[in-house]
Amino acid sequence: MRKLAGFILTPIFYSCFLLCLCIFHPIQWLSLKLGGYAAHKKSVDILNAFLVACNYTLFNRTTFINNQNLPLGRPIIFVANHQGSFDIPPLIFFLRKFHGKFISKIELAKAGIPSISFNLVHGGAANIDRKDPKQSIAEILQLANNMKTKNWSAFIFPEGTRTRNGKMKPFSVGGIATLLKKNPEALIVPIAIRGSYLMVKYGNFPLRPFTNMSWEVLAPIDTTGLSVEEIVKQAEDLIRAKVEV
């Protein structure tokens with residue numbers, strides 16, 4: 001019955017999602033040209049509010065829990081597990097005041113996807129070519145420099161790819177190590193994402209309706225005296241304890 005409802009509701013979801021992307025593409029361009037970074041970021045924040053709202057067309061529940069009093073005066077590295085493409089809009093919108101940027105595949109930046117590709121190119125993301133380690137390191141270092149000079153933050157999915165069944169993959173150290181090298185004072189904040197993989201349980205069509213999904217910001221990690229490997233392992237363990245219950 002749920003899958004049948006998905007066949008009915010999924011076209012509505014995709015229509016709303018694509019409409020938002022197409023409407024905000026020229027808005028982003030105009031905002032960037034007329035108002036620079038601040039206006040462009042505002043347009044991206046509003047876009048992602050609408051993208052989160054698209055979940056209601058599937059009767060899916062998006063719960064974002066943030067009981068942490070995170071500082072605005074220092075860069076933050078948000079470390080999250082990765083369950084699906086729809087993990088991203090809630091992170092951008094609900095944590096918008098931290099100016100978080102993503103480490104993304106360069107293919108997405110070049111794909112010409114309305115709004116998304118434009119924001120990846122012009123919004124400060126690190127767009128990496130996984131086949132070119134030198135280019136990847138340069139992109140992440142540029143993001144790390146912007147974190148230091150502009151007080152931006154970063155979102156990173158250390159699993160490298162999204163899970164298909166909700167089971168977390170081991171976290172890799174590389175991207176976090178590069179960001180911390182330039183920003184040793186950065187706060188490490190884990191985020192546990194639960195249930196979003198169920199939205200694509202049947203694949204990209206139909207999407208699964210009546211799904212409860214949650215994003216929970218966990219307490220910052222005390223990195224005093226810890227190596228990067230120990231920091232990443234602690235973040236992985238904290239997230240895993242929330243996700244795999």
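Predicted model: local features only at pLDDT ≥ 70, side-chain atom pairs only at ≥ 80, totals over all residues.
Ile-8 counts as exposed because its relative accessible area is 56%, and the cut-off for that is over 50%.

Staying with Phe-205 for a moment, what is the peptide bond from Phe-205 to Pro-206, cis or trans? It is cis, with omega near -5 degrees. Most peptide bonds are trans, so that one is worth a look on your screens. Pro-206 sits in the loop that links strand E6 (187-194) and strand E7 (212-217).

That loop between E6 and E7 also holds Phe-210. Its phi is positive, near 55 degrees, and Phe-210 is not a glycine. With 44% relative accessibility, Phe-210 is classed as partly exposed.

Now over to another phenylalanine. Phe-59 has a positive phi too, of about 60 degrees. You will find Phe-59 in the loop between H1 and strand E1 (61-66). Is Phe-59 buried or exposed? It is exposed, at a relative accessible area of 54%. For context, most residues other than glycine have a negative phi.

Last stop, the charges. Lys-105, Arg-130, Arg-162 and Arg-164 make up a patch of positive charge on the surface. Within that group, Lys-105 is part of strand E3, residues 100-105. Lys-105 is partly exposed, since its relative accessibility is 38%.

Thanks, and I'm happy to take questions!

How values were computed: Residues numbered from 1 in each chain as written. Heavy atoms only, no water. Patch = residues over 30% accessible without salt bridge, like charges linked within 9 Å, V, L, I, M, F, W, Y side chains within 5 Å. Areas by Shrake-Rupley, 256 points an atom, 1.4 Å probe, with all protein chains shown as cover. Salt bridge = Lys/Arg side-chain N within 4 Å of Asp/Glu carboxyl O. Lys, Arg positive; Asp, Glu negative; His and termini not counted. Charge placed at Lys NZ, Arg CZ, Asp CG, Glu CD. Helix = DSSP H or I, 4+ residues; strand = E, 2+ residues; numbered from the N terminus. Buried < 20%, exposed > 50% of the residue type's maximum accessible area, 1.4 Å probe, protein only.
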